[in-house]
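Here's a quick tour for anyone meeting this structure for the first time. Have a look around before reading on.

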Amino acid sequence: MTATDIGSSNEPNGQAQQINGTNRTFAQLQIIDENQHFTKDLPKCMKDEWELADCGFNYNLVAVFGSQSTGKSTLLNRLFGTNFDVMSETARRQTTKGIWMSRGKGMNVLIMDVEGTDGRERGEDQDFERKSALFSMATSNVIIVNLWEHQVGLYQGANMGLLKTVFEVNLQLFQAARGKEKEKTLLLFVIRDHVGSTPLANLSNTLTADLERIWEGVSKPEGLEHCMINDYFDFMFTTLPHKLLLPKEFEQDVIKLRERFVNPNNKDFVFKPNYNKRVPADGLHVYAEGIWDQIMSNKDLDLPTQQELLAQYRCDEIASVAFENFLGKIKGYRQPIEAGKIIDDLGPQMEEIRNATINQFDKDASRYHSEVYKRKRQEVLQKANSQLHVFFLGQLKNLTKKAINTFNSRVKEQLKGEYDFAIVVDSARDEVEGLFVSGAEAILLSGTDWTFEEELTQLKDSINDLAAKSRTEETKKMIKALEKSFQLQINEFVSLYFKTPNQDMWGKIIKKFQQVLTNVEQQLLKRLKSFNASEEENVEAVSSLRKRSWLQLRKKIDEELADNMFLLKLRERFEEKFRYDDEGLPKVWKPDDDIDAHFRKAKEEAIGLISLFASIQVPDDVELDIPSDEELDFESSLTILTETRQHDLSVRFKRESDAFYLEAKRSVVATTAR
Ligand code: GDP
Ligand code: MG
C-alpha cells in the first residue's frame with residue numbers, strides 16, 4: 001500500500017491503522033508551547049510532514065494522561081514508533097513543557113504527548129495539567145491513562161482528583177451542547193510496574209469504583225443531571241511489567257498492547273467507530289485550536305491560588321462560628337412571632353443582631369484574600385438576611401391581622417347613633433393602614449430589597465371587602481328601618497280615611513301616600529350619599545323603595561277590605577241611615593212611616609260604597625311614578641274589587657239588609673197590636 005492509497009481512502013477507522021508504505025519515524029510538533037499558545041504550524045505539518053491532510057475521517061487521535069515521569073513518553077515511543085522526548089535516566093534533564101504531537105509509524109494515528117514539570121505543589125503545574133487533560137479528552141478518541149501500580153487506589157497520588165474537574169468541564173463545555181448524539185472516548189488504563197501479586201481484575205475494580213465515585217461528585221449541567229459515566233466513556237485496563245527489572249517481559253507486553261492499536265481483528269481493538277470525533281483531517285487544526293481557545297477562556301478551570309484556598313478555608317470557619325452565634329441570638333423570636341405577637345423594636349433588634357454577626361466575621365476574616373473575603377461576607381450577610389426575612393414576613397402577617405381587627409372594632413364602635421358611614425369607614429381605614437405601614441417600615445432591614453407592597457395591597461383588599469360587607473348590611477338595616485316607619489304611617493292614615501268613606505277618600509290617601517313617600521325617599525338618598533353609593537345604586541334603591549311602598553299600601557287596603565270587614569262597613573253605613581234618625585237617635589218605626597222608602601235609600605247608600613272602594617282613584621293633579629315589573633303591574637293594581645267580588649258582596653249584603661227590613665216591619669206590627 002502506498003501513501004496515496006491512504007490519502008484517497010475516506011472510510012473512518014478500520015483501515016486507518018494499516019501499515020503505511022512510508023514506514024518511517026515522523027517528526028514531532030509542539031502544538032501548545034510553554035506559554036500556552038497554540039501552534040500555527042499544524043496544517044503545514046499535517047500536510048508535509050505527517051501526510052495526513054487528505055485522509056478525511058480516516059485517522060485517529062490518541063493522547064496520554066498521567067503524572068510526570070511515569071514513563072509515558074517511553075511507552076508512546078514503543079507503541080507508536082514516535083520520537084517523543086524521554087527523560088534521560090542519568091541526567092534527569094527536564095523535557096520542554098507543552099503538548100506535543102506526532103504521527104505513529106506506519107499508521108494513520110496522531111499521538112499527543114503532554115509534558116509538564118515535576119513537583120505538583122506549584123499551582124501553575126496543575127493548571128496546565130487540567131487544561132491539557134481537558135484538551136486531550138475533547139479531541140482524542142483514545143486516552144491512555146498511565147499510572148504506577150502503587151498509585152492505584154490513591155486518589156491524589158494517581159492524580160484522579162484532576163479527573164473530576166476535567167469531567168465536569170468536559171460535560172459542561174463540550175457534551176451538554178451535543179444533545180443525543182453522544183460520542184464516546186475510550187480511557188485505556190495502563191498500570192505500570194505491575195508486580196503481579198494483585199491481579200488485574202482487582203486493580204481495575206478499584207479504579208472503576210474510584211471513577212464512579214468521582215463521577216458522582218461531578219456537578220452536571222441542566223438536562224444531564226442523571227447521566228452516567230458510561231454514557232461518555234468506555235474503559236479498558238491493562239498492566240505492564242517493570243521496564244528496567246523485567247525488560248524482556250516489558251517488550252513482549254508492549255508488542256501485545258500495540259496489537260490493540262493496529263489490528264482491527266484484535267478483540268481489544270481500540271479504535272471503535274463511535275470514538276471517532278468526526279473531524280476531517282484538514283480541519284483538525286481549526287477544531288483543536290477552537291477547543292484550546294474555549295479551554296483558555298473558561299473560568300472553571302482557573303485554579304485558585306494558595307492564598308485563595310487558605311482564605312476560603314478560614315473564611316468558611318469564621319463564618320460558621322459567627323453564624324452559630326447569630327442563630328443563638330435569633331432563637332427566641334420565632335415562637336412569639338408564630339404565636340401572632342407583634343414585637344416592638346423588631347427592626348432595630350434585627351439590625352443589631354445582624355450587624356454584630358457581620359462585625360464578628362469582619363474582625364477575623366478581613367485579613368484574608370480580599371476577593372474571597374468579600375464573597376464570603378456577602379454569603380454570611382445573605383444567609384443572615386434570609387433568616388431574618390422569615391421574621392419580617394411573620395410580623396407583617398401579624399400586623400395585617402391586627403389592622404383588620406382594629407378596623408372591625410372601630411367600625412363597630414362608631415356605627416351607633418348618628419354617624420356618617422363613609423366617614424366612619426374612611427377614618428378607620430386611614431388609621432389602620434397608617435399603623436400597618438409604619439409598623440412595616442420599622443422592620444425593613446438596611447441593605448436588603450425587602451418590600452411589603454404585596455401585603456399592603458392584600459390588606460387594602462381585605463378592608464375594602466369588609467367595608468363593602470358592612471355597607472351592604474347598613475343599607476339593608478336602613479331600608480328596613482325606613483320601611484317600618486313608612487308602614488306605620490300608611491297603616492294609620494288608611495285606617496283613618498277608610499273609617500269615613502266618601503268621594504274625597506282616595507284623593508286624600510294618595511296625596512298622603514305621596515307625601516310620606518317623598519319624605520322617606522329623601523331620607524334614603526341622604527343615607528345613600530353617606531355610603532358613597534353610585535348614581536345607579538341610588539336610582540335602583542329609590543325605584544325599589546317606591547315599588548315596595550306601593551305594595552305595602554295595597555296590602556293595607558286589602559286587609560281593610562277583607563270580605564267580613566267590608567260587609568261590616570256596608571252594614572254600618574246602612575244602619576246609620578236606616579236605624580238612626582238625622583239626630584243620630586235610634587228610630588222607632590210608626591205605622592205611617594214609609595219603611596219601604598227608607599229602606600231603599602239606606603240600601604242604595606250602602607251599596608254605593610262597593611263602587612267607591614272598587615278601585616283606587618288617583619286624582620288628576622297627582623303624578624305617581626310607581627315602576628311596573630313582573631312583581632307589580634301598577635295599572636291593574638289600582639283595581640281592588642273585581643266585578644265578581646262586587647257582585648258577591650252586594651248579594652251577601654242584600655241578604656243581611658233584608659233581615660233588617662223584616663225586623664223593622666215586625667216592630668211596627670207589634671206596636672200597633674198592643
Ligand atoms: P514521562 O515524563 O511520563 O513521559 O516519563 P518518561 O518516559 O520521560 O520516563 C521517565 C523515566 O522513567 C525515564 O528515566 C525512563 O527510563 C523511566 N521509565 C520508563 N518506563 C519505565 C517503566 O516502565 N518503569 C520504570 N520504573 N521506569 C520507567
Ligand atoms: Mg514525557
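Two residues are in contact if their C-beta atoms, placed from the backbone, lie within 7 Å. Residues 119–123 also stay under 50, with six such contacts. The protein chain averages a pLDDT of 86, and 90% of the residues score at least 70.

This is a predicted model: local features need pLDDT of at least 70, side-chain atom pairs count only at pLDDT 80 or more, and totals for chains, interfaces and linings use all residues. Residues are numbered from 1 along each chain as its sequence is written, while chains are lettered from A and ligands numbered from 1 in the order in which they are written.

## Around ligand 1

Which residues come nearest to ligand 1? They're Gly71, Lys72, Ser73, Thr74 and Lys243, out of 15 around it (near is a C-beta atom, placed from the backbone, within 6 Å). Helix 3, residues 72–80, gives the most to this shell, with three residues. Helices here are DSSP runs (H or I, at least four residues), numbered from the N terminus.

## Two helices side by side

Helix 12 (residues 370–414) and helix 13 (residues 421–441) pack at about 160 degrees, their axes 9 Å apart. Axes are lines fitted to C-alpha atoms over the stretch in contact, and angles run from 0 to 180 degrees between N-to-C directions. The pair is therefore roughly antiparallel (angles over 145 degrees).

Definitions and conventions: Angles under 35 degrees count as roughly parallel, over 145 as roughly antiparallel, 65 to 115 as roughly perpendicular and the rest as oblique. pLDDT is the predictor's confidence in each residue, from 0 to 100.
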